[in-house]
Amino acid sequence: MPTTDINFWIVLLGAAAYMLVGAVWYSSALFANEWEKLSGKKMSTAASSYALGAIASLIVSFGLAYLIGITNLGGVHGAVELAASIWVFFVATTAAANTLWSGTPWRLYAINAGYPLAGFIVVAGIIGRWG
C-alpha cells in the first residue's frame with residue numbers, strides 16, 4: 001500500500017466540516033422537512049446516530065486525505081476534482097441503484113446523494129488547501 005504524509009489535524013477539521021455540512025443539509029432550513037416527508041421518518045437525535053456519524057466522517061476525511069496524497073493532487077482544484085469523481089463513480093451510482101430497487105422517490109435520492117457530494121467537496125477543499 002502506498003504511503004503518504006497525512007496531517008491528522010486537517011483530517012479532524014475535515015471530519016468536523018463534513019458533520020457541519022450534514023447538520024446544515026438536513027436542517028429545516030434546507031432539506032429536513034422534505035426528507036421526512038419523502039422517507040416517512042423523523043430526524044433522529046439519538047446520541048448513537050451522532051457517534052456513528054462522527055466515525056463515518058472521520059473515515060471519509062481520512063480516506064480523502066489518503067487518496068489526495070497518493071495521487072499527488074496538490075491544491076484545492078485537484079482535490080475537489082478527485083472528490084467529485086469519487087462521488088460520481090461510487091456514491092451516485094450505488095445510491096441510484098438502491099433507489100431503483102427500493103422504489104424510493106428520486107427527490108429523496110437527490111437529497112441523500114447530494115449531501116456526500118457537498119461534504120466531499122468541502123472536505124477535499126480543506127485538505128487541498130491545508131492538508
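Helices in this tour are DSSP runs of H or I with at least four residues, numbered from the N terminus. Keep in mind as you click around that this is a predicted model.

**Stop 1**

Start by selecting G131, which sits in the segment after α5. With a relative accessibility of 54%, G131 counts as exposed, because the cut-off for that word is over 50%. Show its surroundings and, leaving aside neighbours within four places in sequence, you will find G131 in contact with N7, I10 and I126.

**Stop 2: a patch on the surface**

Next, select W9, L12 and L58. Together they make a nonpolar surface patch of about 360 Å². L12 belongs to helix α1, residues 8-25, and is partly exposed at a relative accessible area of 43%.

**Stop 3: aromatic rings**

Show the aromatic side chains now. How many aromatic pairs does the structure hold? The count is seven aromatic pairs. One of them is Y26 with Y115, an edge-to-face pair with 5.6 Å centre to centre and 75° between the planes. Y26 is in the loop between α1 and α2, while Y115 is in helix α5 (residues 106-130), so this pair ties together parts that are 89 residues apart in sequence. Y115 itself is buried, with a relative accessible area of 15%.

Stay in helix α5 and pick W106 and Y109. Their rings are also edge-to-face, at 5.2 Å centre to centre and 70° between the planes. These two are three residues apart in the helix, so about one helical turn separates them.

**Stop 4: a salt-bridge network**

The structure has two salt bridges. In one, the side chains of E34 and K37 meet at 3.7 Å, N to O; both residues lie in helix α2, three residues apart, or about one turn of the helix. E34 is partly exposed at 24% relative accessibility, and K37 is exposed at 61%.

The other bridge brings R107 to E34, again at 3.7 Å, N to O. This pair links distant parts of the chain, with R107 in helix α5 and E34 in helix α2, 73 residues apart. R107 is partly exposed, with a relative accessible area of 41%. Because the bridges share partners, E34, K37 and R107 are joined into one network.

**Stop 5: a buried charge without a bridge**

Remain in helix α2 (residues 32-39) and select E36. This residue is buried yet has no salt bridge, and the nearest side chain of opposite charge, K42, is 4.0 Å away. Setting aside neighbours within four places in sequence, E36 is in contact with K41, K42 and M43.

**Stop 6**

Finish at N72, in the loop between α3 (47-70) and α4 (75-102). Most residues other than glycine have a negative phi. N72 is not a glycine, yet its phi is positive, at about 55°. The residue is exposed, with a relative accessible area of 68%.

Definitions and conventions. Residues are numbered from 1 along each chain as its sequence is written. This is a predicted model: local features need pLDDT of at least 70, side-chain atom pairs count only at pLDDT 80 or more; totals for chains, interfaces and linings use all residues. Side-chain values use heavy atoms; hydrogens and water are left out. Buried means under 20% relative accessible area, exposed over 50%, partly exposed in between (1.4 Å probe, protein chains only). Lys and Arg count as positive and Asp and Glu as negative; His and the chain ends are not counted. Contact means heavy atoms within 4.5 Å. Patches are made of residues with over 30% relative accessible area and no salt bridge: like charges are joined within 9 Å, nonpolar side chains (Val, Leu, Ile, Met, Phe, Trp, Tyr) within 5 Å. Accessible areas come from the Shrake-Rupley method with a 1.4 Å probe; for residues, only the protein chains shown count as cover. Rings of Phe, Tyr and Trp (its six-membered ring) pair if their centres lie within 6.5 Å; planes under 30 degrees apart count as stacked, over 60 as edge-to-face and the rest as tilted.
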